[in-house]
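Thanks, everyone. I have one structure to go through today, and I will keep to what can be computed from it.

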Amino acid sequence: MASVPSQSLETFPNPEPERDYTIRIRVPEFSCLCPKTGQPDFAELTLEYVPEAACVELKSLKLYVWSYRDEGAFHEAVTNRILSDLVTATQPRFMRLSADFNVRGGIYTTVVAEHRADNWRAPVPVTLP
């Protein structure tokens, strides 16, 4: 196999560090294991962030997400752990991770976790006529 799962997240320099802009990444095939039953849990992850000096490299993100496939984790814990790892790697101005888990036992779970740098304020949205 050419690629293997990895807990390592690589970055590259933000090409426009003087500008606030949003990067949105959709990961429709996240999976981990239920820590109670060992059965697979599936989710769609949506990552949104305003980078500072670094952006996450997508292949490393793919291998990082893959590393959870055989790991038991509660939805809340895994969402917050992934966010923490991404914040550590990229040190963004703002980052939000939404994890929308598939139904299990008739219950849908969505977990949203956010990070905001101390010195960053969100710009006022522009409303055009």
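One term before the strands: two strands count as paired if DSSP finds at least two bridges between them. With that in place, take the pairing of S3 with strand S5, residues 94–104, which is antiparallel and runs over eight bridges. One of the contacts to look at is valine 50, whose bridge partner in S5 is phenylalanine 94. Please keep in mind throughout that this is a predicted model.

Now the overall layout. The protein chain has two helices and six strands, and along the sequence they follow the pattern β-β-β-β-α-α-β-β. Its C-alpha atoms fill a box of roughly 50 × 40 × 25 Å along the principal axes. The chain has 129 residues, and 38% of them count as buried.

Back to S3, this time with S2 as its partner. Strand S2, residues 23–33, pairs with S3 in the antiparallel sense over nine bridges. Within that pairing, serine 31 has phenylalanine 42 of S3 as its bridge partner. The hairpin of S2 and S3 leaves six residues between the strands, and there glycine 38 has a positive phi near 80°.

Next, helix H2, residues 75–90. The buried residues of H2 are His75, Val78, Thr79, Ile82, Leu83, Leu86, Val87 and Thr90. They cover an arc of only 165° around the axis, so they sit on the same side of H2. Just after the helix, glutamine 91 takes a positive phi of about 50°.

How many cavities of 30 Å³ or more does the structure hold? The count is one, and the largest cavity contains about 40 Å³ of space. Its lining is made up of Val27, Leu45, Leu47, Leu61, Val65, Ile82, Leu86 and Leu97. By class, the lining has eight nonpolar residues, no polar ones and no charged ones. Strand S3 (40–50), helix H1 (58–66) and helix H2 each supply at least two residues of that lining.

Definitions and conventions
Residues are numbered from 1 along each chain as its sequence is written. This is a predicted model: local features need pLDDT of at least 70, side-chain atom pairs count only at pLDDT 80 or more; totals for chains, interfaces and linings use all residues. Side-chain values use heavy atoms; hydrogens and water are left out. On a 1 Å grid over the protein atoms alone, a cavity is a set of points where a 1.4 Å probe fits but cannot get out, and a pocket is an open set with protein on both sides within 12 Å along at least five of seven lines; lining residues have an atom within 4 Å of a point. Grid points are joined across faces, edges and corners, and a volume is the space filled by probe spheres set on the points. Helices (H or I, at least four residues) and strands (E, at least two) are DSSP runs, numbered from the N terminus. Ala, Val, Leu, Ile, Met, Phe, Trp, Tyr, Cys and Pro count as nonpolar, Asp, Glu, Lys and Arg as charged, and the others, Gly among them, as polar. Buried means under 20% relative accessible area, exposed over 50%, partly exposed in between (1.4 Å probe, protein chains only). The arc is that of the directions from the helix axis to the C-beta atoms.
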